[in-house]
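Let's take a walk through this model together, one neighbourhood after another. Keep the viewer open and turn the structure as you read.

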Amino acid sequence: MITKTVLIDAEKCAGCRACEVFCALNHFGECAPAKARIHIVKWEMLGLFVPVSCRRCERPACQFVCPAGATYRDPLTGAMLVDSARCLGCYACVSACPFGATTVNPDTGRVLKCDLC
């Protein structure tokens, strides 16, 4: 297995959201940050911006709660992916993610997870 990862230095994040725009462009061909698989969260009290993306947990809650078995680990990259053909749209995986890294495409209602593109 080739393990890929996204390295994020939160201390250097300026909150420009360029990563969200690139992600949406890469996957959907449009500048639509709401469709990104990475999101920037601002911690108001500290004035920090924190990029949030799938952390590919060792024991992923998103995978364990999926009643259809649609969430799985890609054997080549280690990324947690969702088989949209099997997904029921119950969003149990969205609720189960302790990091808020699993999101929903606002246009289609389909689950979005970072695929380490």
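**A walk through the model**

Ala-96 touches Ala-61, Cys-62 and Val-65, with residues up to four places away in sequence left out; contact here means heavy atoms within 4.5 Å. Before going further, please note that this is a predicted model, in which local features need pLDDT of at least 70 and side-chain atom pairs count only at pLDDT 80 or more, while totals for chains, interfaces and linings use all residues. Residues are numbered from 1 along each chain as its sequence is written, and side-chain values use heavy atoms, with hydrogens and water left out.

Back to Ala-96, whose place is in helix α3, residues 92–96. Helices (H or I, at least four residues) and strands (E, at least two) are DSSP runs, numbered from the N terminus. The C-alpha atoms of Ala-96 and Val-65 are separated by 7.1 Å, although the two residues are 31 apart along the chain. Is Ala-96 buried, exposed or partly exposed? Ala-96 counts as partly exposed because its relative accessibility is 22%; buried means under 20% relative accessible area, exposed over 50%, and partly exposed in between, using a 1.4 Å probe and protein chains only.

Next, look at Tyr-91, in the loop between β4 (80–82) and α3. Tyr-91 has a positive phi of about 65° although it is not a glycine. Most residues other than glycine have a negative phi. Tyr-91 counts as partly exposed, at 31% relative accessibility. At 35% relative accessibility, Arg-17 counts as partly exposed.

Leaving aside neighbours within four places in sequence, Cys-19 is in contact with Ile-38 and Ile-40. The C-alpha atoms of Cys-19 and Cys-66, 47 residues apart along the chain, are separated by 28 Å. Just after α1, Gly-29 takes a positive phi of about 70°.

Now for the strands. β1 and β2 pair in the antiparallel sense over 5 bridges, where pairing requires that DSSP finds at least two bridges between two strands. Ile-40 has Pro-51 of β2 as its bridge partner, and Trp-43 has Leu-48 of β2. The two strands form a hairpin with 4 residues between them, and Gly-47 in the turn has a positive phi of about 65°. In strand β2 (residues 48–52), 4 of the 5 residues are buried, so the strand is largely enclosed by the rest of the structure.

The loop between α1 (18–28) and β1 (39–43) holds Arg-37. Arg-37 counts as buried because its relative accessibility is 17%. Not counting residues up to four places away in sequence, Arg-37 touches several residues, including Cys-23, His-27, Phe-28, Val-52 and Lys-113. What does the side chain of Arg-37 reach at 3.2 Å? It reaches the backbone oxygen of Lys-113. This is a polar contact, a pair of N or O atoms within 3.5 Å; within protein, one must be able to donate a hydrogen and the other to accept it, and residues adjacent in sequence count only if both atoms are side-chain atoms.

Lys-113 leads us on to Thr-102, as the side chains of these two residues make a polar contact of 2.9 Å. Thr-102 is found in the loop between α3 and β5 (103–104). With a relative accessible area of 3%, Thr-102 is buried. Among the residues that Thr-102 touches, not counting those up to four places away in sequence, are Cys-93, Cys-97 and Leu-112.

One last stop is Phe-28. Lys-35 lies over the face of Phe-28, at 5.5 Å from the ring centre; a charge sits over a ring if NZ of Lys or CZ of Arg is within 6 Å of the ring centre and within 35 degrees of the ring normal.
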